[in-house]
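Q: Can you walk me through this structure? I'd like the packing and the contacts, in plain terms.

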Amino acid sequence: MSTAAMPIYPLLTLKKTVILPGTEARLTIGRRRSLAAVDSALAMAGTLVVSTQFNGEDDEPCPEGLNRIGTLVRILDTGKQGGTRHVAAIGIARVELLRVELSASGYTAEVCVLEEPSTYSAMERTLESHVVELYVEREEGKGRSGTEAREELARCAGPSEVADYLGSQLFTDWQERQAFLATLHPADRLERLAISIGGEAAISDLDSRIRNRVRQQIDKSQREYYLREQLKVIHDELSGEGGSEVEALREKVEATNLPEEVAERALREISRLERVPSTSPEGGVIRTYIDWILALPWSTRSADNYDLRHAEEVLDNDHYGMEKVKDRILEFLAVRELTTRSGEEPKGAILCLVGPPGVGKTSLGQSIARSLGRSFVRISLGGVRDEAEIRGHRRTYVGALPGRLIHGLRQAGTSNPVMLLDELDKMSSDFRGDPAAAMLEVLDPEQNRAFVDHYMELPYDLSKVLFIATANTLDTVPRPLLDRMEVVHLGGYTEDEKVRIARGHLLPRQLRLHGLTPSSLELSERMLRNIVRYHTREAGVRNLERQIGAVCRKSARRLVSGHSGRVRVTSHMLEEYLGRPRHVQDVRSSSDQIGVAMGMAWTELGGSLLPVEVATLPGKGTVTVTGRLGEVMQESARAALSYTRSRAQDLRIAENFQETTDWHIHLPEGAIPKDGPSAGITMALGMISALTGRPIRADVAMTGEITLRGRVLPIGGFKEKVLAAHQAGIKQIVAPHDNAHDFEEIPRNVRRELQFHWVRNMDEVLAIALTPDQNKAVDLRLLSQPATLEVPMHGRTR
């Protein structure tokens, strides 16, 4: 039995009188507080609460002298006669008195209405039938017509009303009536009536009658069949209580705008449900499937907002930079508007945002949905290794459910949401299948018009969905899957960009979350830059926001502890709040050195400098490589050594140097694994410097893969590498000529302070990076001149 909170009602105390729900009573009221309660009730739509006193002789009972279970009644008629009032009232529902207040004007009570159940169990229905039969037999024994008695009870709706009506007829003693009123469960009240009318033997007789009917149809040895037939007979006795549910489902299918194939399937399943016994587990499976069909947005769509100015404003307010992604979304909107005007059905776009953690890939998906006016659904694919997570489980399995895509569509409530497939590169596979293979159909605009989930077994059109996938790297994404998406690379933020994002977005949000205002905490741009430079090392801003939150927390404690005025964070306070600097900024060497070349590296956390140290030792040509180098980087070291040996004559190096010299190539920070071919020219330069004795310029950093012929091949992560070099004080960058197209991605303020050298072969690298040596001069004029690339005037080049 459920309870619902009720307001405060006037309270009428009764002497030796109990009103049951559904029964009428006539009361004569003369006590002052009782008259006040009736007057208050008449002013409130005629509703009040009645409760019987424990002591029927007490004229002024205290709240503790009242029964906790009472009745909510409605006044039907009232009249005055002298100093008394005659009241006709009818019981509405049982109530529980939570609190009783006594004042000069009367009693009031705060109550909870004890609502009767909306559905009844098979046992309650059986008890109801049994009690009705007992009552009819009782009335016939007294000479009354049995038909009349049945018609009298037929006016009651359900076992609860039948029990209360019979209780008012059978129990004449007010204490028995109060005990019956306090019996809350309908089944308990029916049992009390059955015992009162004819005893418990009648219940056993009803069970025997059901068993006898079953035994006439089946053989005694077929136990399983016997049980099924018994359930069928009981189901028949209950008069088919599931019929109303089936009709309601049919009406819902007709009212819902379902595709023809889907509607036919739903009606077939409803017909199956109608034939299945209500106690069968299969009924629950069918009902769940029908619920999923009706819950999916087959034809519900949200209207796209094609206002380019609004979309641009939303994207600019939520995210700093990311011009490529913003332009692509605006282009998508423009194309959608033009195709809609022409009457063509536009295809859903599939974007893949690739970038390091914390650069805003996930939040960008939310902003895209907001700019389009669409629902947003995020589906996390990290760690998914079962194909059924995408396509769902077949209904033959116990507990089967649809896949994550169908779950997301139900959550969105529309057929054209923005669906973010987060961490696409973190999927894996095992013996249960490859989820990446299932995604091939999902992310193919030509195939996803009829996507079939294994659970639903009905085609669903995914072409209207705007899919946005996110990944940190593309190395683990299968090539066929990558071919179906438009990849947009998001680079890491520069130091200046991080400071601007912190000032415009992160700091205001953290102030709001910590109950602070700009007038209570001052965090200057210099302090923000110190946090970025010395307390975080990341490509994004996630850890930066975490550090700003730490500053806000400690400042809030300072304010609550009695600090007066504004908290102005200084360098000393910053070290107190966040501890000593966790990261030391990369700094270039202050002097030119022999055998030490400055390379550049790139990881998911951003770029960094990668010094390469080469030492030559007397020996027999052994090469030692240290620094946790991967297989590709070790191959680059061997290729650099072979190139050096092939150019020994041009570089004035003894041709048999490999027979008398051992090599040791070391990359510092040996605890960090390193791999990739982009340090090839750096290692070759270090070897040649160690052999010729010529120092390498300290203000030059370089990156590029080397071949045995000395060609310099392009590399990746160019922007992040250049930003790290600029932050470390490097003045010149040596990079492959084929990476010149990446020049425009470099921020303008960085381009103005760096000199770029675009090289095609190793000879050009030597001419730029090696300092002249008067004792062992190599005629640099014999080597190829560095290539010159025309670039805008705001960046220097050679």
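What follows is a short exchange about cores, salt bridges, strands and helices.

Q: Before we start, what kind of model is this?
A: This is a predicted model, in which local features need pLDDT of at least 70, side-chain atom pairs count only at pLDDT 80 or more, and totals for chains, interfaces and linings use all residues. Residues are numbered from 1 along each chain as its sequence is written, and side-chain values use heavy atoms, with hydrogens and water left out.

Q: OK. How many residues are in the largest nonpolar core?
A: That core has 54 residues, and those with the most contacts inside it are L405, L421, F467 and M485. Helix α11 (residues 281-295) gives the most to this core, with six residues. A nonpolar core here is a set of buried Ala, Val, Leu, Ile, Met, Phe, Trp, Tyr and Cys residues joined through side-chain atoms within 4.5 Å. Buried means under 20% relative accessible area, exposed over 50%, and partly exposed in between (1.4 Å probe, protein chains only). Helices (H or I, at least four residues) and strands (E, at least two) are DSSP runs, numbered from the N terminus.

Q: Which residues does M485 touch?
A: Leaving out residues up to four places away in sequence, M485 touches I350, C352, L424, L443, A469 and V477. Contact means heavy atoms within 4.5 Å.

Q: And what does the second core include?
A: The second core is separate and has 48 residues, among them L315, L351, A502 and A550.

Q: Switching to charges. How many salt bridges are there?
A: A search of the whole structure finds 43, counting a side-chain nitrogen of Lys or Arg within 4 Å of a carboxyl oxygen of Asp or Glu.

Q: What does E96 pair with?
A: The side chain of E96 forms a salt bridge with that of R68, at 2.2 Å, N to O. E96 is in strand β5 (residues 84-103) and R68 is in the loop between β3 (47-52) and β4 (69-81), so the pair ties together parts that are 28 residues apart in sequence. E96 counts as partly exposed, at 21% relative accessibility. R68 also counts as partly exposed, at 48%.

Q: Where do E495 and R533 lie?
A: E495 is in helix α19 (residues 495-513) and R533 in helix α20 (residues 525-534), so their pairing ties together parts that are 38 residues apart in sequence. Their side chains meet in a salt bridge at 2.5 Å, N to O. E495 is buried, with a relative accessible area of 14%, while R533 counts as partly exposed at 25% relative accessibility.

Q: Which residues are joined into one network?
A: R265, E269, R272, E282, R395 and E457 are joined by salt bridges that share partners.

Q: Back to strands. How do β5 and β6 run?
A: They run antiparallel, with nine bridges joining them; two strands pair if DSSP finds at least two bridges between them. A hairpin joins β5 to β6 through two residues, and L97 stands opposite V111 in β6.

Q: Why is β6 called largely enclosed?
A: Seven of the nine residues of strand β6 (residues 106-114) are buried, so the rest of the structure largely encloses it.

Q: Last one. At what angle do α2 and α4 cross?
A: The axes of helix α2 (residues 122-141) and helix α4 (residues 158-170) cross at roughly 30 degrees and come within 10 Å. Axes are lines fitted to C-alpha atoms, for helices over the stretch in contact, with angles running from 0 to 180 degrees between N-to-C directions. The α2 residues making the contact include V131, V132 and Y135, and those of α4 include V162 and L166.
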